[in-house]
Amino acid sequence: MEQARNYVCTECASAVPSGHKFCGACGAGVPTEAQTLETRFFGALQMPGKARLIVVRGDEAMGEGLSYILQATEHVAGREADQIPFPSDNWLSPSHANFLYRGEKLVVRDEGSLNGVYIRIRSASPIQIGDHFMCGQQLFRIDATPKDTSGPEADQTHFYSSPRRPSAFRVTQILEGGMDGIVCCAYEQSLQIGREDCDINFPDDVHMSPRHARVEMSGESLELVDENSQNGTYVRIRGERELSHGDYLFLGRNLLRVEVTA
Amino acid sequence: MIVCSRCSKDNQDHYKFCLGCGAELPRESSKPRSFSAPTPPGGTPAPGRETNAPQGLQVQGSQAEALASAPQLELDPMPVEAARSKPVAVEDPLPPELAPLGDETSPCPHCGSQVPANFRFCHVCGDDLHAEAAAAPTGDAPAERVSPPAVAEAPQPAAGRARLVLIQPDGSEGESFPLSAGSSLIGRATGGIFANDAYLSPEHAEFRFEGDQLVVKDMESLNGVYIRIEPEVPVELFDGSIFRVGQEILRFEGPVAPDPADDGTQYMGSPHRGYLGRISLMIGRQTTGNSFPIPPHGIHLGRERGDVVFPEDGYVSGLHCRVNSEVGHVFLTDVGSSNGTFVRVSNESYVPQGTFVLIGQQLFRAEY
């Protein structure tokens, strides 16, 4: 005794091979459910190519550990967003960032937010004057060395300037509220940031590693290097950035991890 | 780097004790620069602060060569670098309070114990020896001066004898510039002792008397007029106030923040610890270099101690001055530095008798 291996016509009891729309023996139609049989996932989380965002550190109201499955084509995150809301984080613009698919790829786009979207760099990343980055709880901006304004007057009076040394660039700390904090001019080509014994030190920042990151100029280009810090170094994206599995993002105070199933 | 002879650990040059085993490190190698750093381009030891010597005799002659370099400044576009690269004479590697026990002792006025001369407090009864020393009248100083003897003998009221006495690189007194009873304009165009100072504007400052008080007015000069502040007397700082510590020109900047965005979003940033403002190093007319925010409990500035350090400026004392807040205002206080803390005059200021005034590259004492 064996079980029939295919769909069996309900009119004439003949076996109908898969893919046929009509019974070959009696011409009766095969129901559409039977025609389009395919294996489904138990849950949407298993769907290939679909990503989710996990809130690693979040907004008090929304809680940590929450995950958002990115099933649609666009997913807006923000203080007043419907899809990925962070209502109690006033560092987020009402509509802050958009997670969208471009073909198979997930990208994040800054929706013109005030404070931007930060992505954790993997070891090293090129960086430009004017870029912002984060280490621990600290936010920084890279500035160019200002034009020298210490030349003599037309009447040949010399300007008395504090002693200074050649510096390729400088790093400015940005304080909550937008005021500039520490400014540190690089000693020649490189500047080190960390908790202690660096060029800029944050002894009371518990999220900062002792030697956290450094900015280096080689030739004409700047590079931001994470020195295997525990919590990573994040750089503000310009416009749009492709995401891959394991990326970390800061949106305001919220830290998100990107998971993309293969 | 100093290698400890006991445990072989490498220690930084300014350490006095080994980081690894606590052994005292050889002092010879721990004196990259003089502590007593007497005279930067302007500056003398604090009156009655670290020694009891009369004020006028305190200037120790060592690296005031920087001052002597004033004449050559005219030809030198980067005189600051020149002054810095000059080897700094090392006379006394330790400030008096840190110096090892000397042979000299004197009896404590309170309990009679023999106290080493460099102690500020009696090690037996804790009596403040320094208080006694400070109580000694420093106002007698003019009587001790010998140059020129005819003029300095007795204090005289205001005009006629009023003058600016040049304090020379070696600490001795140089030429004087007489101040008239009316007003005296000084600057590079005045000639004489001012002619060769490239840091003076042609018309730099004006001195005049208001009653028996001397007043200096900055004639919108490029580099300004600086007045030395008294140790331990707080002077209020306002947004844009400029002061000088060693060779460093610093500006106080009050807290400024951009207006918040219309949609209620706040600017993200590093934790704001209630900063009172910042101090910034001036490296150009309106250009600043490094800056440091001032937390509510204030900051100390020094060459090797404090929150903001200037390890390469030998004219800054180990611990030099403090910026802190009291009753909602921000104050600058010299904490007994050797070379003093100078505040740039905003428009005009009284100049009490005996005040040190820094004009261009030269230091003067106002006498009247």
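## Exercises on a predicted two-chain model

**Exercise 1.** In this predicted model, how many bridges join β7(A) to strand β8 of chain A, and in which sense do they run?

*Solution.* Six bridges join β7(A) to β8(A), residues 105–110. The two strands run antiparallel. Take one pair as a check: A:Tyr101 stands opposite A:Leu106 in β8(A). Next, look at the connection. β7(A) and β8(A) make a hairpin, with two residues between them. In the turn, A:Gly103 has a positive phi of about 65 degrees.

**Exercise 2.** Find how strand β5 of chain A pairs with strand β7 of chain A.

*Solution.* Start with the ranges: β5(A) covers residues 74–78, and β7(A) covers residues 97–102. Their pairing is antiparallel, over four bridges. Then pick a residue: A:Val76 stands opposite A:Asn98 in β7(A).

**Exercise 3.** Describe the side of chain A that touches chain B.

*Solution.* Count first: 37 residues of chain A are in contact with 43 residues of chain B. Locate the strands next. β12 (138–144), β13 (169–174) and β14 (180–185) of chain A each supply at least two residues of this side. β14(A) gives the largest share, five residues. Finish with the classes: 16 nonpolar, 16 polar and five charged residues.

**Exercise 4.** Which stretches of chain B have a pLDDT below 50?

*Solution.* Begin with the chain: the average pLDDT is 75, and 70% of the residues of chain B score at least 70. Residues 29–102 of chain B fall below 50, yet this stretch has 170 contacts beyond near neighbours in sequence. Residues 132–158 of chain B are also below 50, with 29 such contacts. For the model, ipTM is 0.81 and pTM is 0.70.

Terms used. Residues numbered from 1 in each chain as written. Chains lettered and ligands numbered in written order. Predicted model: local features only at pLDDT ≥ 70, side-chain atom pairs only at ≥ 80, totals over all residues. pLDDT = per-residue confidence, 0-100. Contact = placed C-beta atoms within 7 Å. Nonpolar A, V, L, I, M, F, W, Y, C, P; charged D, E, K, R; others polar. Pairing = 2+ DSSP bridges.
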